[in-house]
Amino acid sequence: MTMKSRHPARAAVPYLADGPRAGPWPEPPATTEELLRHIEALGQRVSGHVAFMCAVDTLAGTSDEAKEKAVAVFHERLAGLERELSRVRNNLARR
């Protein structure tokens, strides 16, 4: 007997298919130049996550409660990341 899903299928979200690969990488970066390329790729990947979350209202088949919870968790984690990155930047600027 085949069971039907309660939720309609969702379209796949494009995920930096044409952009720089954002990891995991086969080998860790060996130079500052490689690290900077990885940082740029990660920044693009984070931008994709932000764009997805900003369009959360367009998700079909997802409850408002689930969307609100995801947005709150995403905001909390992104704010924490921003604080940590600011510390790194400020520490470098002081040197």
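Modeller: Of the 95 residues in the chain, 9% are buried. This is a predicted model, where local features need pLDDT of at least 70, side-chain atom pairs count only at pLDDT 80 or more, and totals for chains, interfaces and linings use all residues. Residues are numbered from 1 along each chain as its sequence is written, and side-chain values use heavy atoms, without hydrogens and water.

Biologist: Why is His 38 called buried?

Modeller: Buried means under 20% relative accessible area, exposed over 50%, and partly exposed in between (1.4 Å probe, protein chains only). His 38 has 14%, so His 38 is buried. His 38 sits in helix H1, residues 32–54.

Biologist: What is His 38 in contact with, leaving aside its neighbours within four places in sequence?

Modeller: Trp 25, Glu 27 and Pro 29. Contact means heavy atoms within 4.5 Å.

Biologist: What makes Asp 64 exposed?

Modeller: The relative accessible area of Asp 64 is 55%. The cut-off for exposed is over 50%, so Asp 64 is exposed. Asp 64 belongs to helix H2, residues 64–93.

Biologist: How many helices and strands does the chain have?

Modeller: Two helices and zero strands. Both kinds are DSSP runs, numbered from the N terminus: helices are H or I with at least four residues, strands are E with at least two.

Biologist: Why is the pairing of Arg 37 and Glu 33 called a salt bridge?

Modeller: The rule asks for a side-chain nitrogen of Lys or Arg within 4 Å of a carboxyl oxygen of Asp or Glu. Arg 37 and Glu 33 meet at 3.0 Å, N to O, so the pair meets the rule. They are four residues apart in helix H1, about one helical turn. Arg 37 is partly exposed at 45%, while Glu 33 is exposed at 56%.

Biologist: How many salt bridges does the rule give?

Modeller: Two. Glu 84 and Arg 87 also meet in a salt bridge, at 2.3 Å, N to O. Both lie in helix H2, three residues apart, about one turn. Glu 84 is partly exposed at 44%, and Arg 87 is partly exposed at 45%.

Biologist: What lets such side chains pair?

Modeller: Side chains of opposite charge can pair when their charged atoms come close.

Biologist: How much accessible surface does the chain have?

Modeller: About 8600 Å², with 59% belonging to carbon and sulfur atoms. The areas come from the Shrake-Rupley method with a 1.4 Å probe; for residues, only the protein chains shown count as cover.
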